[in-house]
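Please look at the sequence and the structure before reading on.

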There are 2 protein chains.
Amino acid sequence: MRHHYEALPRNDANFVPLSPLSFITRTADLFPDRTAVIYGARRYTWAESYARMRQLASALAAAGLGLGDTVSIIAANTPEIFESHFGVPMAGCVLNTINTRLEAETISYILENGDCRLLIVDTAFAPAVVPALEALPAEVRAKIQIVDIRDPAMGDLPPIGDIDYEAFIAAGDPEFAWSMPADEWQALALGYTSGTSGRPKGVVYHHRGAYLMSMGTASGWQLPQHPTYMYIVPMFHCNGWCHAWTMTMMAGTIVLIRDISAEAMFGAIAEHQVTHFGGAPIVLSLLVNAPESLRPKLDYKVKALTAGAPPPAAILQKMAEMDFEVMQVYGLTETYGHVTQCVWRGEWDDLTFEEQAELQSWQGVAFPMFEGAAVMNTDTGEMVPRDGETQGEIVLRGNSVMKGYYKDEAATSAALRDGWFFSGDAAVWHANGYIQIKDRLKDVIISGGENISSVEVEGYLYRHPAVAAAAVVAKPDEKWGEVPCAFVELKAGESLEAAEFLDWCRGQMAGFKRPKHVVFGDLPKTSTGKIQKFVLRQRVKELD
Amino acid sequence: MRHHYEALPRNDANFVPLSPLSFITRTADLFPDRTAVIYGARRYTWAESYARMRQLASALAAAGLGLGDTVSIIAANTPEIFESHFGVPMAGCVLNTINTRLEAETISYILENGDCRLLIVDTAFAPAVVPALEALPAEVRAKIQIVDIRDPAMGDLPPIGDIDYEAFIAAGDPEFAWSMPADEWQALALGYTSGTSGRPKGVVYHHRGAYLMSMGTASGWQLPQHPTYMYIVPMFHCNGWCHAWTMTMMAGTIVLIRDISAEAMFGAIAEHQVTHFGGAPIVLSLLVNAPESLRPKLDYKVKALTAGAPPPAAILQKMAEMDFEVMQVYGLTETYGHVTQCVWRGEWDDLTFEEQAELQSWQGVAFPMFEGAAVMNTDTGEMVPRDGETQGEIVLRGNSVMKGYYKDEAATSAALRDGWFFSGDAAVWHANGYIQIKDRLKDVIISGGENISSVEVEGYLYRHPAVAAAAVVAKPDEKWGEVPCAFVELKAGESLEAAEFLDWCRGQMAGFKRPKHVVFGDLPKTSTGKIQKFVLRQRVKELD
């Protein structure tokens, strides 16, 4: 009877908050001597990594940080950012990874908006970080302690902060008695996404979601015990698709490289017998277009996930020829990274390569841990028919959807409503349940795997004294997938050279956000004066 | 800042109660045409299975059942019990699987204690079930609706209940709009365990635990997409190790066989290309001892889990020779089945076969979804040293520990305390973190994978008019692992033949519980009159 069943409460034996921190406890205990991390000549076993994570947590606590304090990090994929994925939440803090390619102005904004209390920063990023810190209001700056990562691979660079990472953690206790989160809904990470407005929005992850992402990735990608994983995806990007946590769960070996070149990647694959990696299609493109002499001879299949744009058929074919098995996945910063996967279906085995490549370019179906990936007619709130033709918006639901946007209730309730997260991606739904993206509803440009807000870029362009109006749309690009293309209406009497204007952009914004093309002329507008971007999206196809 | 992070609440987009019911939604949607279940000539696709589950849920609702009502089932591993694992909780009900080998008296007890509202019963089990129903108090019996499974494979048996399963679900709606549980802590299943006292205890599972069991099994056993799984473990036993849910998550094909003989198992493996199965060591023993002519020629490795007793070295060796890969797992009814696994370690590769077999007989380490498996000195509450010598009790903690015992607060708080579930198994802890069982603290005998309470069996023996005192202990047995052995002290002036006494037992209790040996004579007792079972356990080793 119901009340008898309900009479049995949770207790510490049968209820443990879901947290990726459980993974490091288990793996460090069971495989202390296995290699956890390889970065050039640096190697740490799981016992060593775990000790360093506990030292970091201990040092953060000693620095006065605790539950709900934000620790920001601006770093390449080096051991320190991996350790931070555990050490920071072990101290109860929230890990705020910041895109290393951002301009100073946005870094400043994130540090202030995110309530940063301590910044771990690779000194190689001083050119943007130093002015970002200088631009902060004095009372904000005063609250931020700074810990430097000084990577010898980058030469002997001057310090930015007060103490080196190694010295900072050396003061910490390698046996620090950290606590699991009391509540699995506790914030774990904060990552800023370009979104659609000019200012980036802070996406908050919780422990439960990251735990389930790892569980679902392991079964959805069918990870073996002890994968050797090459970390290409920047850990600042959706916490590197949560793979820092997932690979820890599987007691893998994480191979870190700083230089994302074909030579470095193939070299790492050959040297360490890499079995798995993930990366944007541009990464796959680097590999398949590299000289054949660089390719390692392997007696096993390397498995790769790719996301950010559908992988072109030619790349899939060449990857298959190299014996690399590629699966496309799809997700957003708001969904902790990938939540749909283009699961290979047995009935595809006998299709032609072209047919297979077409099917593999679909974004697919929900991962095992995800509850719903559907395509909605947002006018009616009904799902579109599964006819492969009717467009709607991709809506997503599950335990790895963000808690919400930090300090932005309005944006949170706009994105999470009626039981769904609204992705802003337009798609069709196929009869077999696979989703295929057709267009983007949000003004986002995806270039080399990075999201760029066109509205943000327009904001920069308006700073030019000659600009009357500006609109930025995506231009397809063979290498980067998409690049920003600017349409600019000049003030009466002004004139500008394209090259001169593009050069001016250089001082205004991060390199990856800079328009690679500019077209001067009147902008198409609605009767109410709204710029008609769909017209520009048509027009951009006619360029070249 | 903490309050900003905490300000982001759960909603229907980012929080979905964890439930194995999610798996059927996804799998039936994505792989409707793949074969879900094979039982002899019966085959159902995932679309068909899902429709039948919804019909069952709909029929239960129409029969007046809902949230927190108990639906009992006494069935062999046929499609109906598989469907019940989803259809029953889809109606909000709790699935109470009952061991088909129990005697009428215990079945009666379970139906009454478990508040059964509807019983699904395979008519092959009429010999125990009919008297069990007759023995129920009239007001209890009046509340129980009965649905018959009539398996043509068992011949044309008379009905027990009011309606056949097929007719019952035929009235249900195959598109029934069932609901997910509102709370992942909601009761999902009720399974009785022999425990240490005379009466079995009802172990309650919740949706969250079963979901995580499936996730953890998939990554711990590294299940591929679409495994072909032969269901040997009875689904009444810890819900068949939760594999009904796990295989649904992986969109596998479930091969059901009723006859657990080497011929039937090898036949199923060959016919359906079975890739995975689980079973007690006695099942492995059946396979390796079968005539070689029965063995199928396979071009792949079959993976097997085994539990209930450490697999003997000879069996492991023969399994390896057949190219079957066996992993021992350990758990209890209270932990949803397996929660530790003897994970193979790379450093074992170069050991001798004997050394490997010894290591594989250890119970191992926590599965990825499980939080803690340790060995405690229960006098001090401290964990024992990891020296492979010091004995303590296995204690377990994690999200797949039961809610508690149904209607038994005292037993619940005795079993779940100080943050641990106390297993009753004595073990040592090795330096590598692996647990190895050394003895049993509880009076439980494990015979052919089934737990037998020695106290319960003693209760039956005391019914014999000539018995003054009786004690039952485990006797090692080559085929069954253990069998019950009775030590009986007769009343003054009485005398009995062993054969006569063992024959009398036949009418008293289920076959698997019956002592296979009896020794007459005075029982060793303490000064306070307590029977010294440890003396009898010594003595039993000297028999034969």
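In chain A, α3(A) passes α4(A) in a right-handed crossing, where a crossing is called right-handed if the near helix is turned clockwise from the far one by less than a right angle, and left-handed if anticlockwise. Helices (H or I, at least four residues) and strands (E, at least two) are DSSP runs, numbered from the N terminus. The model is a predicted one, in which local features need pLDDT of at least 70 and side-chain atom pairs count only at pLDDT 80 or more, while totals for chains, interfaces and linings use all residues. Residues are numbered from 1 along each chain as its sequence is written, and chains are lettered from A and ligands numbered from 1 in the order in which they are written.

**Helix α3 with helix α4 in chain A**

- Helix α3 (residues 46-62) of chain A packs on helix α4 (residues 79-90) of chain A at an angle of about 45°, their axes being 8 Å apart; axes are lines fitted to C-alpha atoms, for helices over the stretch in contact, and angles run from 0 to 180 degrees between N-to-C directions.
- That angle makes α3(A) oblique to α4(A), since angles under 35 degrees count as roughly parallel, over 145 as roughly antiparallel, 65 to 115 as roughly perpendicular and the rest as oblique.
- From α3(A), the residues A:Ser49, A:Arg52, A:Met53, A:Arg54, A:Leu56, A:Ala57 and A:Leu60 meet A:Glu83, A:Ser84, A:Phe86, A:Gly87, A:Val88 and A:Met90 in α4(A), two residues being in contact if their C-beta atoms, placed from the backbone, lie within 7 Å.
- By class, the contact of α3(A) with α4(A) holds 7 nonpolar, 3 polar and 3 charged residues, where Ala, Val, Leu, Ile, Met, Phe, Trp, Tyr, Cys and Pro count as nonpolar, Asp, Glu, Lys and Arg as charged, and the others, Gly among them, as polar.

**Helix α5 with helix α6 in chain A**

- Helix α5 (residues 104-113) of chain A and helix α6 (residues 126-134) of chain A pack at an angle of about 55°, with 8 Å between their axes, which makes α5(A) oblique to α6(A).
- The crossing of α5(A) and α6(A) is right-handed, and the contact is made by A:Ala104, A:Ile107, A:Ser108 and A:Leu111 of α5(A) together with A:Ala128, A:Val129, A:Pro131 and A:Ala132 of α6(A).
- The residues of this contact of α5(A) with α6(A) divide into 7 nonpolar, 1 polar and no charged.

**Helix α13 with helix α14 in chain B**

- Helix α13 (residues 281-288) of chain B and helix α14 (residues 313-321) of chain B pack at an angle of about 55°, with their axes 10 Å apart, which makes α13(B) oblique to α14(B).
- Here α13(B) passes α14(B) in a left-handed crossing, and the contact is made by B:Pro281, B:Leu284, B:Ser285 and B:Val288 of α13(B) and by B:Ile315, B:Lys318 and B:Met319 of α14(B).

**Domains of chain A**

- The domain assignment of chain A gives domain 1 (23-34 + 41-206), domain 2 (306-440) and domain 3 (444-541), with bounds that come from an automatic or database domain assignment.
- The centres of domain 1 of chain A and domain 2 of chain A, taken over C-alpha atoms, are separated by 31 Å, and the contact takes 12 residues from domain 1 of chain A and 11 residues from domain 2 of chain A.
- On the side of domain 1 of chain A that touches domain 2 of chain A, β9(A) gives the most, with 6 residues.

**Chain A with chain B**

- Chain B can be laid on chain A with an RMSD of 0.1 Å by a turn of 180° and a shift of 0.0 Å along the axis, which is the relation of a two-fold axis; copies are superposed by least squares on the C-alpha atoms of residues with pLDDT of at least 70 in both.
- The contact takes 51 residues from chain B and 51 residues from chain A, and α2(B) gives the most to the side of chain B that touches chain A, with 4 residues.
- Because 100% of the interface residues of chain B are also interface residues in chain A, the copies meet through the same surface.
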